[in-house]
Amino acid sequence: MNSLFSNARRYLVAACALGLLSGCSTTKYTVDDGRPVNEQLLANIRSYGKVESAIRPAIARTSELKDPDCDFQWELPMSVATSDGAQETDRVAWVRALNVDERLTVIGTTTDSPLKLGEKIQEIGGYRSEDALKMSEELLSYRDSGRVFDVKTITGKVVRIAPFKVCRGYARFAPPTTPKAQDYHWLLSVHPLQVSEVNLTLDEALWVVLWTQGVSEVGGVRMKTYHYGTKIGGTLYNLFTIASGIKGVALAAEAAAKAAKEAGVAAAAEFVKLQVKNSVTDTVTEQVKVTVEKLGKQAASATTMAIMQQAAANRGALNGVAWVASTVFDKADTWAFERMEKLGANPLAAFSLHQKLVEAALAENAFLFDADRLGALGQLAQARDRGAEMVAILKGIRPEDFQPDFGDMPLASNRNAFSFADPMDQRRNSTPFAYGLIDGMLNIPIETKSGK
């Protein structure tokens, strides 16, 4: 068992290492040689690039809040990716989709970022190394200390990077290799890649970021009380949150699944299955799409209810720290709504994103509301005299129309119904991933090439 997790740690660290960077290196980097690649992976990589491009400006926009009540984290004006560690043909897919090779490549930027899309990093703060882990730790050190630093690109361009403060709760997305993964934690949340499929507007992207921060702000104490005090020094969390976490969550899921299989830990296997599996069948998905598009209000209402039930099931299926987070999803809705207003954005973007996800039948994420969340946020919109606009966005369907049909469903956000007796509680010592992918990574020590 110890050797199993030792191997998993090595695989995780290798996969999270961000590029081999050297000014005089003779390393041959992957190019697109025209070979056939996995078309689904190619599409997923493009979706990942699209959502990173949309979300990075929104992250910067939240820095304008300067909310004195927030716990804060530092962010960077760019996000990066690398194909390092991937199979050869998959590396070709990365080049073809986003021009990303083994080197640290910019895939998302703020509007004022000194680094542009596609640029590749060679040097960080005057430091360069062939050891990708050391380069990653250098970037992390600057980011988390808030220090301004210089970055040199492979073309010799030198720019100054200034980290900026945001409310705690990093918004990250599942990697192309495990696009359905999701997890919610007070430090960061991983959203399934399906959210990118609806082409986020500026305000919808802002809603995603603010909502993620809201989960941390309103649920952080509850999540910590459920489990433990924050311990992040010298853990894989450092690498996972440097940029996009693109490798960390994928390899953590694989490590958890492998651990479960080899050690016979059914709880971990079930957890991972829930994180990467879409329970909406193709048949149901197509039925919902066709009905919403072509049939009348009554039928649309019925199919909307069906897809919202899937959202409720998704919420109810979360385990570990994410399960605790799910009990404050409605409070995060309110937190984000109010801060959308403070930033001069349209808070009804919450409803437009929900509606787009409904029409695409994409229910296994946190942004398609279940009945109690839709009803609660609908009341807030009405209190702001935005009820008519909200109903128009929802194609004439009012949130209260759904309440009777969901009367027998327990509300995940019900304060009186909440206790710390998570269904996974009895199995919490059976696997390091019992609390979730993010939590599992918090407890996996980093190993360098020297083994230290």
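Me: In strand 10, which residue is the bridge partner of arginine 172?

Reply: Happy to start there: the partner is valine 190. Do keep in mind that this is a predicted model, where local features need pLDDT of at least 70 and side-chain atom pairs pLDDT 80 or more, while totals for chains, interfaces and linings use all residues. Residues are numbered from 1 along each chain as its sequence is written, and side-chain values use heavy atoms, leaving out hydrogens and water.

Me: What makes strand 8 and strand 10 a pair?

Reply: Pairing takes at least two DSSP bridges between two strands, and four bridges join strand 8 to strand 10 (residues 188–191), running parallel. Strands here are DSSP E runs of at least two residues, and helices are H or I runs of at least four, both numbered from the N terminus.

Me: Why are strand 8 and strand 9 said to stand at the edges?

Reply: The open sheet has three strands in the order 8-10-9, with mixed pairing. Strand 8 (170–173) and strand 9 (183–184) each have a single partner strand, so one side of each lacks a neighbour in the sheet.

Me: How do you know that cysteine 70 and cysteine 167 form a disulfide?

Reply: The sulfur atoms of two cysteines must lie within 2.5 Å, and here S to S is 2.1 Å, so the pair qualifies. With 85 degrees about the S-S bond, this link is right-handed. Cysteine 70 is in the loop between helix 2 and strand 1 (72–75) and cysteine 167 in strand 7 (residues 164–167), so parts 97 residues apart in sequence are tied together.

Me: Is cysteine 70 buried or exposed, and why?

Reply: Buried means under 20% relative accessible area, exposed over 50%, and partly exposed in between (1.4 Å probe, protein chains only). Cysteine 70 has 13%, so it counts as buried. Cysteine 167, at 4%, is buried too.

Me: Why is the pair of tyrosine 142 and phenylalanine 149 called stacked?

Reply: Rings of Phe, Tyr and Trp (its six-membered ring) pair if their centres lie within 6.5 Å; planes under 30 degrees apart count as stacked, over 60 as edge-to-face and the rest as tilted. These two rings have centres 4.7 Å apart and planes at 25 degrees, so the pair is stacked.

Me: And what makes tryptophan 211 and phenylalanine 367 edge-to-face?

Reply: Their planes stand 70 degrees apart, with 5.2 Å centre to centre.
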